[in-house]
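I open this notebook with the surroundings of one residue, then turn to the chain as a whole.

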Amino acid sequence: MRWINEPGNWSEENGRITVHTEPGSDIWRQPIESGIRDSAHRYLDTVEGDFRASVKFQANYTGLYDQIGLFVGASDTVWMKCGVEYVDSIKHASAVVTREWSDWSILALDDPEWVWILVERHGPMLYVKFSLDGSHFYLLRKAYFSEQAELDVGIMAGSPKCDGITAVFEDLEIVNI
């Protein structure tokens with residue numbers, strides 16, 4: 001695995017990855033008011049073909065748009081991030097699919113301590129599911145993504161509007177299916 005925008009403070013021990021996000025870290029592409037941001041922390045592996053990626057995570061969300069979860073990338077202009085994003089002081093299950101420009105879908109959650117996110121790739125399609133107990137998963141997004149054979153897959157974290165958060169990831173698994 002390799003870092004894109006490696007945070008200054010992180011650790012990996014016994015299947016637990018802890019990331020302290022840098023202030024202003026984000027990934028987003030919007031043509032009108034926000035422009036392009038590409039500073040979110042991503043810890044990625046390259047996967048060929050169909051796969052399933054999953055992880056359990058939590059954070060001390062404090063600022064607008066604090067975000068952690070999974071990332072799938074085909075290029076600088078084709079990528080997807082999903083997990084939890086903090087909006088209006090509420091945790092939301094979130095998925096952003098970017099194909100030149102980012103879109104966004106969110107679903108308010110009842111303040112869970114831990115969230116599980118699962119992404120499956122079947123051909124050019126991505127299926128994003130979330131769980132609040134690690135057993136029952138709910139479809140958040142189905143999206144056409146890319147026919148590219150190899151994709152970068154792993155965890156991501158960012159803090160666009162605050163001084164940083166501490167994110168904890170457990171049980172990261174990326175397997176071909």
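I looked up the contacts of Ala-95, leaving aside residues up to four places away in sequence, and found Lys-81, Cys-82, Asp-103, Trp-104, Ser-105, Leu-140 and Arg-141; contact means heavy atoms within 4.5 Å. The model is predicted: local features need pLDDT of at least 70, side-chain atom pairs count only at pLDDT 80 or more, and totals for chains, interfaces and linings use all residues. Residues are numbered from 1 along each chain as its sequence is written, and side-chain values use heavy atoms, with hydrogens and water left out.

I placed Ala-95 in strand 10, residues 90-99; strands (E, at least two residues) and helices (H or I, at least four) are DSSP runs numbered from the N terminus. Ala-95 has 0% relative accessibility and therefore counts as buried, which means under 20% relative accessible area with a 1.4 Å probe, protein chains only. I noted 7.2 Å between the C-alpha atoms of Ala-95 and Met-80, which are 15 residues apart along the chain.

Next I checked the cysteines. Cys-82, a contact of Ala-95, is buried at 3% relative accessibility, and Cys-162 is buried at 13%. I found zero disulfides in the structure, a disulfide being a pair of cysteine sulfur atoms within 2.5 Å.

Buried residues make up 51% of its 177 residues. Of the contacts between residues at least 6 apart in sequence, 60% join residues at least 24 apart. The C-alpha trace spans about 40 × 40 × 30 Å along its principal axes.

Notes. Buried < 20%, exposed > 50% of the residue type's maximum accessible area, 1.4 Å probe, protein only.
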